[in-house]
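Colleague: I am new to this model and would like to learn how to read it feature by feature. Could you take me through the strands, the helix contacts and the confidence scores?

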Amino acid sequence: MDDKTGAGMNDESDAGYLEYVSGRIPALRRVAFLLGGDEHQADDLVQETITKLYAKWPRIAKVENLDAYVHTMLVRAFLDEKRRGWWRVSLRDVPPDRPTGPAAGAASTEERAVLRAALDRIPARQQAVLVLRFLCDRSVADVAQLLGCSEGTVKSQTSHGLNALRRILGDRVGGAL
Amino acid sequence: MNDEEYGILVLRPLGGDPEGPSAIDVGKAMRDGRRRRRRWWTGGSTLAAVLVAALTGGVLVATQQTPRPGPDLPPDPVLPAACTAGPLPTGPHESAEVSGGDPSGAWLVGMSDAHLPTPPVSHSVLLWHNGELVADVRPRDVRKGSPGVRMNDVNGSGVAVGSDPRGNSDPWVLENGEVRKLAGAPGEANAINDAGVIAGRSGPPGQRRPVRWTSPDAEPTPLPVPAGLGNVQPTVTDIAPDGTIIGEIGGRAYLWWPDGTSGYVGLPTVEGRKADGFLPMAFSHGWLYGTLFLPMAEPSPAGFLGGEARDTPIYRYDLRSRIWQKLADWQMETQVAGTFHGQFMAAEPKVFVGRQVLSLPAYPAPIMDGTANFLIENVSDDARTVAGTALSGVADPSKPAVPVIWRCR
């Protein structure tokens with residue numbers, strides 16, 4: 001147990017934390033929102049992440065590539081929450097209206113609801129991989145780092161996740177929804 | 001279209017930024033974070049939890065890491081050679097899901113039209129006996145906004161217990177063709193054994209505590225929990241035939257023995273890696289099945305991820321001998337029937353029977369591309385009867401969910 005950092009507050013350390021965090025909340029919120037699709041959940045995830053970050057700050061403030069570390073914490077928080085929430089998924093909410101026919105133009109609320117519902121049905125890790133790769137434009141190497149796994153695993157999870165989406169969505173994507 | 005193109009096409013409509021105002025509170029993060037720092041400095045949260053358990057006299061120690069075949073271990077059923085799949089009758093309902101079964105496999109319980117949104121559809125509790133629909137009950141006095149009653153378990157007398165799956169919940173029982181609330185509502189009833197003892201939780205959301213009902217007519221009795229849990233919410237997973245209740249506290253399994261003692265399940269060390277969590281999934285075939293949490297075998301590429309990432313193999317644990325057996329490398333390889341934590345849908349129905357994997361024939365549900373998503377809810381003790389649900393894609397509510405029974409020999 002390293003107690004050199006002391007249990008007391010350190011003004012300099014706090015200032016560093018505040019400076020770091022304040023500039024990054026919008027980006028963290030965005031990733032959290034893309035991961036889960038829910039604004040409240042996104043705020044909860046970011047709140048938990050920056051709380052953990054503060055708790056660890058004396059030890060990790062000097063970590064190289066702190067941004068990657070913090071995003072990893074965020075993704076982990078998302079996966080932990082999904083892990084706890086997997087049980088009893090079978091009784092589930094569905095979009096209030098059934099999708100009808102091809103919808104023209106940009107993503108409608110309905111289309112988003114259908115896609116999000118489909119995404120929610122695949123394993124959380126695959127969900128995270130797909131969102132990070134295709135919505136957050138992260139490279140395979142980046143995603144491997146964020147999830148703490150190999151690049152090969154990211155690739156296979158991408159493939160499994162997309163196959164699962166194909167099964168769930170059938171032929172509705174790739175043409176019109 | 002290759003994977004890359006399909007991924008972009010299918011995911012892109014979900015892009016965008018959150019629109020509402022941020023609810024993030026940096027000041028609160030610092031206050032909460034400061035408390036966590038203190039906690040770590042007083043010995044680490046895991047150690048603190050062990051300490052609590054030790055003080056309550058309940059800590060259990062895993063003594064065996066290597067599976068040891070022996071006459072003391074609960075016997076596994078013989079893996080069936082072949083199974084056939086068929087639909088369970090749903091009466092007037094368009095669709096239904098199986099939500100639980102008893103150890104003999106004769107009794108199954110489910111819910112009608114669970115895949116449709118609650119208003120406008122109200123859901124019925126369904127009870128099957130030897131494959132026949134014997135009760136179809138629409139519960140009265142369901143809370144406003146509740147999606148209905150989900151029966152979580154049923155025993156060998158056809159008595160089922162359940163809860164409201166979302167929001168505030170009441171503990172429910174189905175007995176003699178009637179669905180009613182158990183004493184001590186609100187709460188949830190998660191499991192019942194053949195002796196009629198019910199395990200669940202009582203109290204409002206956020207303050208639910210583990211309880212036992214000694215019969216469907218009894219008042220709930222609180223089960224002891226370690227002191228100083230703070231915001232940690234214990235959950236209740238299952239009840240064994242001998243009345244041992246299995247729960248989870250802070251990511252570790254917790255046992256309430258019939259003699260009134262209780263304690264955490266000790267965590268094993270696997271190949272030099274000390275497990276730091278075990279989520280109990282279900283008690284089945286005499287064993288407790290669950291997901292073990294192990295630090296990653298290889299350091300992550302980021303180097304500093306240390307305590308964050310975890311391997312999540314499935315293990316089973318014998319409560320008496322405290323022996324652990326590994327079943328699968330990760331938690332989503334094969335389903336554990338009737339699991340409380342970590343349920344997932346699989347394209348190919350396969351389920352643990354004892355220590356082995358039983359691959360079941362897919363039931364051709366009327367769904368997209370002829371491919372189903374299966375949830376297995378029950379495997380009988382003799383492995384002759386398996387039950388679950390073939391679900392359509394949530395993206396298409398017009399495709400019904402089909403309750404399926406597999407008969408094996």
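**Strands, helices and confidence**

Modeller: Let us start with a strand pair: strand β3 (residues 107-112) of chain B and strand β4 (residues 125-129) of chain B pair in the antiparallel sense over five bridges. Two strands count as paired if DSSP finds at least two bridges between them, and the elements themselves are DSSP runs numbered from the N terminus, helices being H or I of at least four residues and strands E of at least two. Within this pair, L108(B) stands opposite W128(B) in β4(B).

Colleague: Before we go on, what kind of model is this, and how are its parts labelled?

Modeller: This is a predicted model, in which local features need pLDDT of at least 70 and side-chain atom pairs count only at pLDDT 80 or more, while totals for chains, interfaces and linings use all residues. Residues are numbered from 1 along each chain as its sequence is written, and chains are lettered from A and ligands numbered from 1 in the order in which they are written.

Colleague: In what order do the strands of the open sheet in chain B lie, and which are the edge strands?

Modeller: The open sheet has four strands in the order β2-β3-β4-β5 (chain B), with antiparallel pairing. Its edge strands, each pairing on one side only, are β2 (96-101) and β5 (132-137) of chain B. From one strand to the next the twist averages 30°, where axes are lines fitted to C-alpha atoms, for helices over the stretch in contact, and angles run from 0 to 180 degrees between N-to-C directions.

Colleague: Which strands does β8(B) pair with?

Modeller: Strand β7 (residues 160-163) of chain B pairs with strand β8 (residues 172-175) of chain B in the antiparallel sense, over three bridges, and V161(B) has V173(B) as its bridge partner in β8(B). β8(B) also pairs in the antiparallel sense with strand β9 (residues 178-181) of chain B, over four bridges, where W172(B) has K181(B) as its bridge partner. β8(B) and β9(B) form a hairpin with two residues between them, and N176(B) in the turn has a positive phi of about 50°.

Colleague: How should I read the angle between α5(A) and α7(A)?

Modeller: Angles under 35 degrees count as roughly parallel, over 145 as roughly antiparallel, 65 to 115 as roughly perpendicular and the rest as oblique. The axes of helix α5 (residues 124-135) of chain A and helix α7 (residues 151-169) of chain A come within 8 Å and cross at roughly 100°, so the two helices are roughly perpendicular to each other.

Colleague: What does α7(A) do with α1(B)?

Modeller: α7(A) packs with helix α1 (residues 3-11) of chain B at an angle of about 60°, their axes 10 Å apart, which makes α7(A) oblique to α1(B). The contact, counted where C-beta atoms placed from the backbone lie within 7 Å, joins T158(A), S159(A), L162(A) and L165(A) of α7(A) to D3(B), Y6(B), G7(B) and V10(B) of α1(B).

Colleague: Where in chain B is the confidence lowest and highest among the elements?

Modeller: The score to read is pLDDT, the predictor's confidence in each residue, from 0 to 100. Chain B averages a pLDDT of 83, and 82% of the residues score at least 70. Among its elements, helix α3 (residues 45-55) of chain B has the lowest mean pLDDT (36) and β8(B) the highest (98). Over residues 40-71 of chain B the pLDDT is below 50, although this stretch has 50 contacts in the model beyond near neighbours in sequence. Where pLDDT is low, the predicted coordinates should not be read in detail. The model as a whole scores ipTM 0.80 and pTM 0.62.

Note on methods: Two residues are in contact if their C-beta atoms, placed from the backbone, lie within 7 Å.
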